[in-house]
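Subject: A structure for you to look through

Hi there,

Here is the structure I promised to pass on. Please open it beside this email and follow along as you read.

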Amino acid sequence: MSTIVTRTVSRLLLAPVMLIALAVLIKGYADVGDGFSAGVIAALGILLQYLAFGREEAERMLPIRIVPALAFVGLLLALVVATIPIIGGDPIFTHFPAPGADVVKVGTLELITAVAFDCAVFLLVLGAVTGIIHNLALAGDESERSGDQR
């Protein structure tokens with residue numbers, strides 16, 4: 001069982017961890033960083049909530065029931081971004097716009113198909129790792145209940 005300090009600190013750390021994950025996702029276009037790393041960082045923030053509060057309370061605080069949808073949307077988006085160029089006769093994973101072409105920007109973030117692909121990888125990793133965490137927590141709870149009955 002965790003202490004009040006552990007619960008308070010873990011609750012306070014969730015938002016900064018998610019912000020760091022977002023920064024890693026965005027920074028990947030200018031420097032080192034990517035959707036995979038950002039997904040793992042965000043999933044670790046969720047794992048911290050499971051460890052501090054337990055499965056039932058963490059699931060009440062977080063929208064865990066949408067995790068399978070996140071993973072599915074991420075996988076679908078990654079497949080679409082990777083295979084759409086085939087329709088135009090280009091090789092798989094060809095990113096648009098082409099190098100040297102004008103790019104739409106939001107601040108310093110260039111909106112290219114690589115951004116969409118990294119967002120898809122982020123959703124897929126976050127959904128998959130959080131799903132694994134959820135299933136391990138369920139198995140631990142079931143094991144605990146069956147151990148109590150013996």
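First, some ground rules. This is a predicted model, in which local features need pLDDT of at least 70 and side-chain atom pairs count only at pLDDT 80 or more, while totals for chains, interfaces and linings use all residues. Residues are numbered from 1 along each chain as its sequence is written, and side-chain values use heavy atoms, with hydrogens and water left out.

**Two helices**

The helices and strands are DSSP runs numbered from the N terminus (helices: H or I, at least four residues; strands: E, at least two). Start with helix α2, residues 35-53. The expected span of a helix is 1.5 Å times one less than its number of residues. Buried here means under 20% relative accessible area, exposed means over 50%, and partly exposed is in between (1.4 Å probe, protein chains only). The buried residues of α2 include G35, A38, G39, A42, A43, I46 and Y50. Just after α2 comes G54, with a positive phi of about 90°.

Now move to helix α4, residues 67-87. Its 21 residues reach 31 Å from the first C-alpha to the last, close to the 30 Å expected at 1.5 Å a residue. Look for a kink of about 30° at V81, shortly before the proline P85; the bend at a residue is the angle between axes fitted to the seven residues ending there and the seven starting there. Both V81 and P85 are among the buried residues of α4, along with V67, A71 and G74. Just after this helix, G89 has a positive phi of about 85°.

**The core**

Which residues touch the most other members of the largest nonpolar core? They are A38, I46, Y50, I64, F122 and L126, out of 17 residues in that core. α1 (4-27), α2 and α5 (113-149) are the elements that give two or more residues to this core, and α2 gives the most, with five. A nonpolar core is a set of buried Ala, Val, Leu, Ile, Met, Phe, Trp, Tyr and Cys residues joined through side-chain atoms within 4.5 Å.

For a closer look, pick L126. Leaving aside residues up to four places away in sequence, L126 touches G39, A42, A43, I46 and L70, where contact means heavy atoms within 4.5 Å.

**Around P85 and F93**

P85 is in helix α4 and counts as buried, at 3% relative accessibility. Not counting residues up to four places away in sequence, P85 touches D90, P91, F93, T94 and F96.

F93 lies in the loop between α4 and β1. Although F93 is not a glycine, its phi is positive, about 65°. P97 is in the loop between α4 and β1 too, and the peptide bond from F96 to P97 is cis, with omega near -5°. For background, most residues other than glycine have a negative phi, and most peptide bonds are trans.

The structure holds one aromatic pair. The ring centres of F93 and F117 are 5.2 Å apart and the planes are at 90°, so this pair is edge-to-face. Rings of Phe, Tyr and Trp (its six-membered ring) pair if their centres lie within 6.5 Å; planes under 30 degrees apart count as stacked, over 60 as edge-to-face and the rest as tilted. F93 is partly exposed at 41% relative accessibility, and F117 is partly exposed at 21%.

**Salt bridges**

How many salt bridges does the structure hold? There are four, a salt bridge being a side-chain nitrogen of Lys or Arg within 4 Å of a carboxyl oxygen of Asp or Glu. One of them joins E57 and R7 (3.2 Å, N to O). This pair links distant parts of the chain, with E57 in helix α3 (residues 55-61) and R7 in helix α1, 50 residues apart.

R55 also bridges to D141, with the closest N and O atoms 2.5 Å apart. Finally, R55, E56, E59 and D141 are linked in a network of salt bridges.

Enjoy exploring!
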